[in-house]
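Please look at the sequence and the model together while reading this report.

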Amino acid sequence: MKIQITGIGSYIPTLKIHNTDFDKHVFLNEDGSAFAYPNDVVIDKFKGITGIEKRRYAEDHLNSSDLAYFAAQKAIEDAKIDPETIDYIIYAHNFGDVNHGTIQADTLPSLATRVKNKLQIKNPKCVAYDILFGCPGWIEGVLQANAFITSGMAKRCLVIGAETLSRVVDAHDRDSMIYADGAGAAIIEGSDSETGMLSYESGTFAIDEANYLFFGKSYNQDLNPNTRYIKMYGRKIYEFALSKVPAAMKSCLDKSGIEINQVKKILIHQANEKMDEAIIHRFYKLYGQTPPKDIMPMSINELGNSSVATVPTLYDLLTKGQIENHEIHKGDVIMFASVGAGMNVNAFVYRY
């Protein structure tokens, strides 16, 4: 038995934040000193490296679990199922619900439980739980759904990735421009057909790499040092991703029995355009090839990095024909891959 994605949905917040909206920000170095160049130069360099022109932020009255609920509703409608028949709700996030204007994470009850409540699922045997796995969380949730379904523990799972990163960033850190909000959700079911998941790979690197992403104080020395924000060692993450992700993707593809020239699309976590392009080039180089044109759909230029939400949102947009110059057809082979805090890496090969 394989698993299939029988329904997909996403929620893209309506609040658009352009790069120019950061013109008046006071960006600082880690030691609190001022930058040696003006914000227009910072923004121009940022765009050249990340590819991000805009990002979406959640409306003030909405939280991560609200975005997740909207995406889940769409996935359930797309799959045309009764939500009472869902055996597991697996919700990937990293920071819980963070009310607008605050920085404290709220995870009680679990966000998966909140979504179950919003969906008004009465069945107590529908088990709802959260996973913290960095940006690869949604893919890891799909792998867990695969384990439940292929073992006979479940027939149908709802896997969600949702985050409001805009509420846990240091406004004085230029890296804050990377992050965005959003949600994606999928209904996963068992299938005996030729379509579905063909292979997977997952791993955690936690020696030198464990703290590449962390919670740290603001670069503004005048703010409370006990208030923490998402921080990262960008160069180390970049080097890690180029070293580990292509190898994991190759291992995954080799296990699937699929030749690399049969892969039609690669959906990779939307972290950084230049990094993603470098990962794809290194992946193809492992087979002595160069990437074909339009192999990698991208949404980061318009939507930013919404962590766990990027991959399911990208898949939703692709299947609904909403990414320019990209389309997918029945029988096409897709590879999903992600990298993020942990440091975690995962991937799976899927026949659409």
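## The chain as a whole

A residue is called buried when its relative accessible area is under 20%, exposed when that value is over 50%, and partly exposed in between. By this rule, 56% of the 352 residues of the protein count as buried, and it should be kept in mind that the model is a predicted one. The secondary structure comes to 8 helices and 13 strands.

The C-alpha trace spans about 60 × 50 × 40 Å along its principal axes. A compact globule with 352 residues would have a radius of gyration near 20 Å, and because the protein has 20 Å, its value agrees with that expectation. Among the contacts with a separation of 6 or more, 77% come from residues 24 or more positions apart.

## Surface and charge

The accessible surface of the protein comes to about 15300 Å², and carbon and sulfur atoms account for 49% of that area. As for charge, the protein has 36 positive and 43 negative side chains, and the centres of these two sets lie 2 Å apart.

## Helix α2 and the residue that follows

Helix α2 covers residues 64–79, and at 1.5 Å a residue its 16 residues should span 22 Å; the end C-alpha atoms are 22 Å apart, which agrees. The buried residues of α2 include Leu 67, Tyr 69 and Ile 76, together with several alanines, among them Ala 68, Ala 72 and Ala 79. Ser 64, Ser 65 and Asp 66 of this helix are buried too. The partners against which the buried residues of α2 pack are the strands β1 (2–11), β4 (88–92), β6 (156–164) and β7 (181–191), and the helix α3 (111–118).

After α2 comes Lys 80, which has a positive phi of about 55° although it is not a glycine. Lys 80 lies in the loop between α2 and β4, and because its relative accessibility is 73%, it counts as exposed.

Leaving aside residues up to four places away in sequence, Ala 278 touches Tyr 238 and Leu 242. The C-alpha atom of Ala 278 is separated by 9.3 Å from that of Ala 241, although the two residues are 37 residues apart along the chain.

## Loops with particular backbone geometry

Two peptide bonds in the model are described here as cis. One runs from Leu 108 to Pro 109, with omega near 0°, and Pro 109 is found in the loop between β4 and α3. The other joins Gly 342 and Met 343, with omega about -5°, and Met 343 has its place in the loop between β12 and β13 (344–351).

Gln 120 is not a glycine, yet its phi is positive, at about 55°. This residue is found in the loop between α3 and β5 (127–131), and because its relative accessibility is 51%, Gln 120 counts as exposed.

## Two further loop residues

Pro 292 is found in the loop between α6 and α7 (300–303), and at 39% relative accessibility it counts as partly exposed. Pro 292 and Lys 264 are 28 residues apart in sequence, while their C-alpha atoms are 9.1 Å apart in space.

Asn 305 lies in the loop between α7 and α8 (310–319). Is Asn 305 buried or exposed? With a relative accessible area of 5%, Asn 305 is buried. Not counting residues up to four places away in sequence, Asn 305 touches Leu 165, Ile 178, Tyr 179, Ala 180, His 269, Gln 270, Ala 271, Ile 300 and Thr 310.

Notes:
Residues are numbered from 1 along each chain as its sequence is written. This is a predicted model: local features need pLDDT of at least 70, side-chain atom pairs count only at pLDDT 80 or more; totals for chains, interfaces and linings use all residues. Side-chain values use heavy atoms; hydrogens and water are left out. Helices (H or I, at least four residues) and strands (E, at least two) are DSSP runs, numbered from the N terminus. The radius of gyration is taken over C-alpha atoms; the globule rule is 2.2 Å times the number of residues to the power 0.38. Buried means under 20% relative accessible area, exposed over 50%, partly exposed in between (1.4 Å probe, protein chains only). Contact means heavy atoms within 4.5 Å. Accessible areas come from the Shrake-Rupley method with a 1.4 Å probe; for residues, only the protein chains shown count as cover. Lys and Arg count as positive and Asp and Glu as negative; His and the chain ends are not counted. The place of a charge is taken as NZ of Lys, CZ of Arg, CG of Asp or CD of Glu. The expected span of a helix is 1.5 Å times one less than its number of residues.
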